[in-house]
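Here is a short report for a reader new to this structure. Look over the sequence and the model first, then read on.

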Amino acid sequence: MTDGQVRPVVVAPAAVLSTVAEAVDPLDPEVARLAADLVATMRVSPGCVGLAAPQVGVGVQLFVLDVTGHRKARTCHGLVVLANARIVNGSQWKVEREGCQSVPDLTGDVRRAGRIVVAGQVPATGELREVTTDAFEARAFQHEIDHCAGLLFLDRAAGAHAIHPRKIYQAPRTGAPPTPAGPSALP
Ligand SMILES: [Zn+2]
């Protein structure tokens, strides 16, 4: 994948975040370029484990994800880039706290499948890819596929009692980049 450019991340209530994104042609060179930009933007965002095209203002069904090294991850497929992805199968439902780069001030308790099978297309090659995963990576997939369907975690939270203020990001004075405080930071 070519080097991407970092794009600004849009935040709620931007209309693009609550609009069903369009399917894309994975062989379109623009889609591959957008995927590279999503990877670059994800990599520079502290605590970010994934990013969907609507989060950079583009209403298409494309996302990137990488939970490598995350303490809550079990199965990990490294960097995954998928277009037009769907959940084929989900089981072992569980409520856990999650957050989103596009909802910077809040986190929410969201019920998601703990085991899933996802199917989508790989940009540039158009290859069909099926991923079976669990735990934190499964949650990340569902979060990103939701973005492509115009849904935020706020739409999945079970009412106002399931929404919480996010703790302030604590940036260390020197050394390592800032890490998100509190529960897992999904993109
Ligand atoms: Zn998000």
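In which helix is Arg-139 found? Arg-139 sits in helix 2, which covers residues 135-148. The model is predicted. Arg-139 counts as buried because it has 27 C-beta neighbours inside 10 Å, and the cut-off for buried is 20 or more. Arg-112 lies 27 residues away along the chain, yet its C-alpha atom is 6.3 Å from that of Arg-139.

**The nonpolar cores**

The largest nonpolar core holds 35 residues. Among the members that touch the most others are Ala-35, Leu-38 and Phe-63. Several elements give two or more residues to this core, including those in the table and helix 2.

| Element | Residues |
|---|---|
| Helix 1 | 29-44 |
| Strand 1 | 50-52 |
| Strand 2 | 62-65 |
| Strand 3 | 80-100 |
| Strand 4 | 103-121 |

Helix 1 gives the largest share, seven residues. In soluble globular proteins, nonpolar side chains tend to be buried together.

**Helix 1**

Helix 1 has 16 residues. From first C-alpha to last, helix 1 reaches 23 Å, close to the expected 22 Å. Which residues of helix 1 are buried? They are Val-31, Ala-32, Leu-34, Ala-35, Asp-37, Leu-38, Val-39, Thr-41 and Met-42. The cover over these buried residues includes strand 1, strand 2 and strand 3.

Methods. Residues numbered from 1 in each chain as written. Predicted model: local features only at pLDDT ≥ 70, side-chain atom pairs only at ≥ 80, totals over all residues. Helix = DSSP H or I, 4+ residues; strand = E, 2+ residues; numbered from the N terminus. Buried ≥ 20, exposed ≤ 12 C-beta atoms within 10 Å, placed from the backbone. Core = buried A, V, L, I, M, F, W, Y, C linked by C-beta atoms within 7 Å. Expected span 1.5 Å × (residues − 1). Contact = placed C-beta atoms within 7 Å.
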